[in-house]
Amino acid sequence: MTMSLIDIRNISVGFTGKSGATLPVLRNIDLTVQAGESIGIVGESGSGKSTLALAAMGYLKRGLRLMEGSVAFQGQDMFACTRTELEKIRGGELALIPQNSGQSLTPTLRIGAQLIEALRLHSDVAESQYPDKAIELLGQVRLPDPAAIMTRFPHELSGGQQQRAAIAMALAGEPTALLLDEPTTGLDVTTQAHILELLRDIARDRGMATVYVSHDLGAIARVCDRVMVMYAGEVVLEGSTRQVLKAPIHPYARGLLASIPRLSDPRLPVALDGRPPAPGGAGQGCSFVDRCALAQEGCRTMRPDLERQPSGETVRCFHHKDAYQLSLTGSGAIPASLDGSAQTALHLDHLAISYNRPGLFDKFLGRDVAGVPTVDGIEITISKGETLGLVGESGSGKSTILKAIAGLLPPSGGKITLAGGEVLATEVERRSPDHLRKIQLIFQNPDDSLNPRQTIAQILEQPLKLYFGLTGDALYQRSSDILDRVRLGAHYLDRLPSQLSGGEKQRVAIARAFAAEPELVLCDEVTSALDVSVQAAVLDLLNDLKAKQGTTYVFVSHDLAVVRALSDRVAVLYQGRLCELGLSADVYGTPSHPYTEVLLGAVLEPDPDTAPTLSADDVVELSPPARGCPFQRRCPRKIGAICDTDAPPWQNGALGHSIRCHYSIQDLEALQREVTKEQIT
Amino acid sequence: MTITSAPPQNTRFMRALSVLRDVVSRPSGAIGLFLVVFHVVLALVSPWIVPYDYKAMNSAMMLTGPEAMHWLGTDHLGRDVLTRVLLGGREALLVTGIATPIAVTWGGFVGILFGLIGGRVDEVLMRVVDAFLSLPWILKMLVLIVTFGTGIEVLIPTLAFFYGIPVIRIARAATHDVVARDFVSAARARGHSRMTIIRHELLPNVLDTLMVEGAMRWSWMLLAFSSLSFLGFGVSPPTADWGLMIADARGFMSFAPWGVLGPVIALSSLIIGINLTADALAKALGIDRAQKAPV
């Protein structure tokens, strides 16, 4: 009889609530993983997917307890193991790469020391062989110059390199199964694609089973054979990756897929309304009933069982035969676009920003420490009512430019002008109240941008009092009007941010920005802290507000598909320099700048039939080169010495599409068409 | 996306109530709060419940041990120790009760301001604060008291001034954590004035730390006040005061220990009570005092 590697039988995990009742976080979950298999566990935050992965290691977070069921690894009951037995299994045969593994490396120990420790605890390698084995492991995770990496501290490595080092540590114990909790969250697109390819190859070479826990269906599509979709602590759908991502038969899975913006589709994704029940809050019926388009009366009173289908999937839905009726693609609105005759809303005139400022001592010695500015030569005109998307990897200067426009970071060169050539003061303290009101900023994470000690009413009052001097009833009236506009009711006014869900908090942040009746709204990664279904709702809201009020947006994101869904025009940045600028259809089509090509190639679509094209190394550059093209060191289409010495000229195409490259637009197009042809044949 | 749950409520009051409930539910909080409340109530009502006149001397009853007439015995002038212990905290509680809020207010404000300004100005000013903190407190206090006298009108401002300085450090450190957050950037980008940012954005987030710090400062200040009295720079005789009583009775400690024990137990129980309450309060508010600078 062949035994499953990991065998989870009917486990339920719960905690004791305030009322004394036991609230389940996981409900009756079965999961078997065979040797060499790759399984994806997907779901939104709070769905219990990380708890399940930890339970597979025989571990439960404080306060949680096993209510029923069993977890076996190679036939051994993990919850019956003694401490010493567990210590032997964990990190050895069964390894975990935790979420944000960069932070799980010990900051005061060199990578080499940490790897050797892992080898000592979990491998049979002879002690004299530790350094050689460690270097070999670092080579296997494709880190350049492994011997040098051994002597580095974690903070000296980039995010992708830290992730590779964490993988090397997990491999030290020769695991037969590897659990990965959000392995690529927080990494740049190119790094993410490289790490996933690496994990795929390693798993295949070693015959190692992998369990991926992720909210990112694109990543799952690339690496998993089977996918399990979780919702409110239970499995709602399980099947092969193709079945789950191409034709899912559960309404939640369909809604989730429809809410993902895709590169191939310029339309806005469809939001999945409502939110999942709180842990233990699911009633006696189906847990998805409140958000389900197919829900009927019976769904409220009876909980559907997991049913195996003839086609191989298991699904928890009474009406799965009708699920095909629900659309899988964005049938959402085409983003509102601008009319041709638009006036200028904002002009960035050779904007340069430098973080290195000369200190007193440097001034005294007459030293020039400024060096190469972080952001340089940004020349963009934004028209009224337009949405300009700014994309690029981390460190590309996108947020820096927004901060400069908002006045929080004075530029070191160039100027910012408003409609009619009015020059905007560089520092926020010197701006006129009118200028301040016209430009509003929305931040990435509403947990950080909303004061936790203010009620929603107090948060909204701030701009209303400051810009319009409202008081009393007028203030209250306007606050509740604004909440209505972001589709929240006046009953939210007395609440604190901690009493709201992530999506609701971001709506409040949006409401606060729109309370100022702004002309220009700067959005800094506004959806990246949110779940996909919530992200779709926020994008829809932003688009709706723009259509109603004619607001101009500058929309910054690392997610190319999100930018595509909302933007009229897109600017691509690398190392604080513009690479490409044009209408979004042009930027996302051919020809494009070699950097845009690399970025677009690395995007993972939630579709098992697509594969990323990895054409450039995922090295992270810390500062732009002093001369020549900013992308010279990573460019897969580098011409030669000219790229190192001369700054590339702007190559202008039709409809304002410009690419900054030594190749002409025609040459780029010819080169890139060739690649596409190769892929087809 | 409309959710109907959690009816509107007076959130600030509810929070204060839940924090209080949390403090009382901890053993340290319950004991501490009991001791503090006991002492404060005693200080308020003691003039009406004491058995004797605190300054009535009795040459026939000098240094008698505890007995039915004098539960805690008498001192070297034949005064009832119990009476004097019951009354002995009044001055201390009055002075420190006024000086503590002043110290926390001014120290807190300056600390928040330094934290908000940041950069080089903040660094330089903090080194000045550090230099000040490195001097022994008693030396600084004595200089002022010797110059200006020992009345309450001198002691309150002196204590408030010196005990506000360490509060600057704590408030600044707490502010640094808050200033880096986006809601402060958001307020700056909207164009709010520095004062508005302090009042609406920073203060509410630093207040918890200041409250715990205030409780700690109060206990330190009580100790300082009693020390001054002990040295003869605080309350002047014949007023009943714990510090002064310990000073007077310590010469007879070997054969009449009750004269020292009474005030010592009273003073330490109050200070222990305040510290226990501060600990429980810190835990209830989620502040890790172990990580803050121990100044």
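Begin by selecting helices H6(A) and H7(A), whose axes come within 10 Å of each other and cross at roughly 15°; an axis here is a line fitted to C-alpha atoms, for helices over the stretch in contact, and the angle runs from 0 to 180 degrees between N-to-C directions. That angle makes H6(A) roughly parallel to H7(A), given that angles under 35 degrees count as roughly parallel, over 145 as roughly antiparallel, 65 to 115 as roughly perpendicular and the rest as oblique. H6(A) passes H7(A) in a right-handed crossing, that is, one in which the near helix is turned clockwise from the far one by less than a right angle, anticlockwise being left-handed. To see the contact itself, display Gly159(A), Gly160(A) and Gln163(A) of H6(A) together with Thr191(A), His194(A) and Ile195(A) of H7(A); two residues are in contact if their C-beta atoms, placed from the backbone, lie within 7 Å. By class, one of these residues is nonpolar, five are polar and none is charged, where Ala, Val, Leu, Ile, Met, Phe, Trp, Tyr, Cys and Pro count as nonpolar, Asp, Glu, Lys and Arg as charged, and the others, Gly among them, as polar.

The model on screen is predicted, so local features need pLDDT of at least 70 and side-chain atom pairs count only at pLDDT 80 or more, while totals for chains, interfaces and linings use all residues. Residues are numbered from 1 along each chain as its sequence is written, and chains are lettered from A and ligands numbered from 1 in the order in which they are written.

**Along H6(A)**

Keep H6(A), residues 159-171, selected and look along its length: at 1.5 Å a residue its 13 residues should span 18 Å, and the end C-alpha atoms are 19 Å apart, which agrees. The expected span is 1.5 Å times one less than the number of residues, and helices (H or I, at least four residues) and strands (E, at least two) are DSSP runs numbered from the N terminus. Because 12 of the 13 residues of H6(A) are buried, the helix is largely enclosed by the rest of the structure; buried requires 20 or more other C-beta atoms within 10 Å of the residue's own, exposed means 12 or fewer, and partly exposed lies in between, with C-beta atoms placed from the backbone.

**On to H3(A)**

Select H3(A) next, whose 12 residues should span 16 Å at 1.5 Å a residue, and whose end C-alpha atoms, 17 Å apart, agree with this. Its buried residues are Ile111(A), Gly112(A), Gln114(A), Leu115(A), Ile116(A), Ala118(A), Leu119(A) and His122(A). What covers them includes H4, helix H5 (146-150) and H6 of chain A.

**H13(A)**

Move to residues 398-406 of chain A, helix H13, where eight of the nine residues are buried, so that the helix is largely enclosed by the rest of the structure. Among the buried residues are Lys398(A), Thr400(A) and Lys403(A).

Select residues 456-468 and 502-515 of chain A, helices H16 and H18, whose axes come within 8 Å and cross at roughly 25°. They are therefore roughly parallel to each other, and their crossing is right-handed. The contact is made by Ile456(A), Ile459(A), Leu460(A), Pro463(A) and Leu464(A) of H16(A) with Val508(A), Ala511(A), Arg512(A) and Ala515(A) of H18(A), and by class it has eight nonpolar residues, no polar ones and one charged one.

From there, go to Tyr492(A), found in the loop between helix H17 (472-485) and H18 of chain A. Tyr492(A) counts as buried because it has 25 C-beta neighbours inside 10 Å. Leaving aside neighbours within four places in sequence, Tyr492(A) is in contact with Ile456(A) and Leu483(A).

**Chain B**

Finally, select chain B, which has 11 helices and zero strands. Its C-alpha atoms fill a box of roughly 80 × 50 × 30 Å, taken along the principal axes, and buried residues make up 41% of its 295 residues. Where chain B touches chain A, the contact takes 20 residues from chain B and 30 residues from chain A. On the chain B side, helix H8 (182-190) and helix H9 (194-231) are the elements that give two or more residues, and the largest share, seven residues, comes from H8(B).
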